Amino acid sequence: MLFTIGYTAFQIEDFIDTLKQNKIKALVDVRSTPYSEHYPDYNKENLERLLAKNKIQYRNFAAEFGARQIEKRYFSPQGYLDFMEKSRTVQNVNTRNLQIM
């Protein structure tokens, strides 16, 4: 099962509590730039450390799923990322990075 969650409406403690209440054991971060000037607790290194303390795995897949792709072939003529086109190429993502302990 897959859940999605945004972070800007949550204090970090509430964010982690929400994950735990829903029995989330791993978080996959798909932000192209996993840093926030306004919410430093959600910067990649801080988030990974805080989640580990709570026995929640953190994985970053910005290259695979982030909206800021380098290759132009993934963009529609209007300039938007075409997730269907991109998904065809990431089906071979290294699954060992997704294993949950």
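In this predicted model, Leu-50 touches Ile-12, Ile-16 and Asp-41, leaving aside residues up to four places away in sequence. Leu-50, Ile-12 and Ile-16 are among the twelve residues of the largest nonpolar core.

**The nonpolar core**
- Besides those three, this core of twelve takes in Phe-15, Leu-19, Ile-24, Leu-27, Tyr-42, Leu-47, Leu-51, Ile-56 and Tyr-58.
- Helices α1 and α2 each supply at least two residues of the core.
- The most comes from α1, which gives four residues.

**Helix α1**
- The helix α1 covers residues 12-21.
- Its residues Ile-12, Phe-15, Ile-16 and Leu-19 are buried.
- Viewed down the axis of α1, the buried residues fall within an arc of 95°, so they line one face of the helix.
- On the face of α1 turned away from the buried side are the exposed residues Glu-13 and Gln-21.
- The cover over the buried residues of α1 includes β1 and α2.
- After α1 comes Lys-23, which has a positive phi, near 55°.

**Aromatic pairs**
- The structure contains two aromatic pairs.
- One of them joins Phe-10 and Phe-15 edge-to-face, at 5.9 Å centre to centre and with 70° between the planes.
- Phe-10 counts as partly exposed because its relative accessibility is 25%, a value that is not under the 20% limit for buried residues.
- Phe-15 has a relative accessibility of 3% and therefore counts as buried.
- Phe-15 also forms an edge-to-face pair with Tyr-42, at 5.2 Å centre to centre and with 85° between the planes.
- This second pair links distant parts of the chain, since Phe-15 lies in α1 and Tyr-42 in the loop between β1 and α2, 27 residues apart.
- Phe-15 and Tyr-42 are both buried.
- Together, Phe-10, Phe-15 and Tyr-42 make up one aromatic cluster.

- Strand β1 (residues 26-29) and strand β2 (residues 57-60) run parallel and are joined by four bridges.
- Between β1 and β2 the chain passes through helix α2 (residues 44-53), and this β-α-β crossover is right-handed.
- Within the strands, Ala-26 of β1 stands opposite Gln-57 in β2.

**The loop between β1 and α2**
- Thr-33 is located in the loop between β1 and α2.
- Its relative accessibility is 42%, so Thr-33 counts as partly exposed.
- Thr-33 and Asn-43 are ten residues apart along the chain, and 9.1 Å separates their C-alpha atoms.

**The chain as a whole**
- The chain has four helices and two strands.
- Along the sequence, these elements follow the pattern α-β-α-β-α-α.
- The chain has 101 residues, of which 28% count as buried.
- Among contacts in the chain with a separation of 6 or more, 56% are between residues 24 or more positions apart.

Note on methods
Residues are numbered from 1 along each chain as its sequence is written. This is a predicted model: local features need pLDDT of at least 70, side-chain atom pairs count only at pLDDT 80 or more; totals for chains, interfaces and linings use all residues. Side-chain values use heavy atoms; hydrogens and water are left out. Two strands pair if DSSP finds at least two bridges between them. A crossover is right-handed if, with the strands pointing away from the viewer, the path from the first strand over the helix to the second runs clockwise. Buried means under 20% relative accessible area, exposed over 50%, partly exposed in between (1.4 Å probe, protein chains only). Rings of Phe, Tyr and Trp (its six-membered ring) pair if their centres lie within 6.5 Å; planes under 30 degrees apart count as stacked, over 60 as edge-to-face and the rest as tilted. A nonpolar core is a set of buried Ala, Val, Leu, Ile, Met, Phe, Trp, Tyr and Cys residues joined through side-chain atoms within 4.5 Å. Contact means heavy atoms within 4.5 Å. The arc is that of the directions from the helix axis to the C-beta atoms.
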